[in-house]
Amino acid sequence: MRRTTLALALVIASALTACGSPCQDLGTRICKCRTEGTSRENCERAVEKQIDEGKPKPGGDAQDFCEQKLKTCPDPDNDPAMCDRLETEEGKLACGLSY
């Protein structure tokens, strides 16, 4: 999709480094808005790398944050309009990319 989607995925991954599978799932949802193929694969690898390289250990607060955002950030597989909303402030807020 748009170049900003990769940047946003990296922002969320770095903000939530090492918070475990909920954060991985959240990053993956965001990456699903990238075009299938190399672009999406690169986004997913970047999210994984940021999480794997995270220095803080998984914590309750980060885990809870990711779990909450998974509830408000729809999976593009189930909500095709999600990728367009991700470009809006409302969509970014729903997916934990802005406050």
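Which residue forms a salt bridge with Asp75? Select Asp75 together with Lys32: the two form a salt bridge, with their closest N and O atoms 3.1 Å apart. The term denotes a side-chain nitrogen of Lys or Arg within 4 Å of a carboxyl oxygen of Asp or Glu. Asp75 lies in the loop between α4 (60-72) and α5, and Lys32 in the loop between α2 and α3 (38-52), so the pair ties together parts that are 43 residues apart in sequence. Helices are DSSP runs of H or I, at least four residues, numbered from the N terminus.

This is a predicted model, in which local features need pLDDT of at least 70 and side-chain atom pairs count only at pLDDT 80 or more, while totals for chains, interfaces and linings use all residues. Residues are numbered from 1 along each chain as its sequence is written, and side-chain values use heavy atoms, without hydrogens and water.

Asp75 is buried at 16% relative accessibility, whereas Asp77 is exposed at 58% (buried is under 20% relative accessible area, exposed over 50%, partly exposed in between, with a 1.4 Å probe and protein chains only).

Then move to Arg85 and Asp79, whose side chains meet in a salt bridge at 2.4 Å, N to O. Arg85 is partly exposed, at 30%.

Finally, select the largest nonpolar core, ten residues including Leu26, Ile30, Met82 and Leu86. Such a core is a set of buried Ala, Val, Leu, Ile, Met, Phe, Trp, Tyr and Cys residues joined through side-chain atoms within 4.5 Å.

Technical notes
Helix = DSSP H or I, 4+ residues; strand = E, 2+ residues; numbered from the N terminus.
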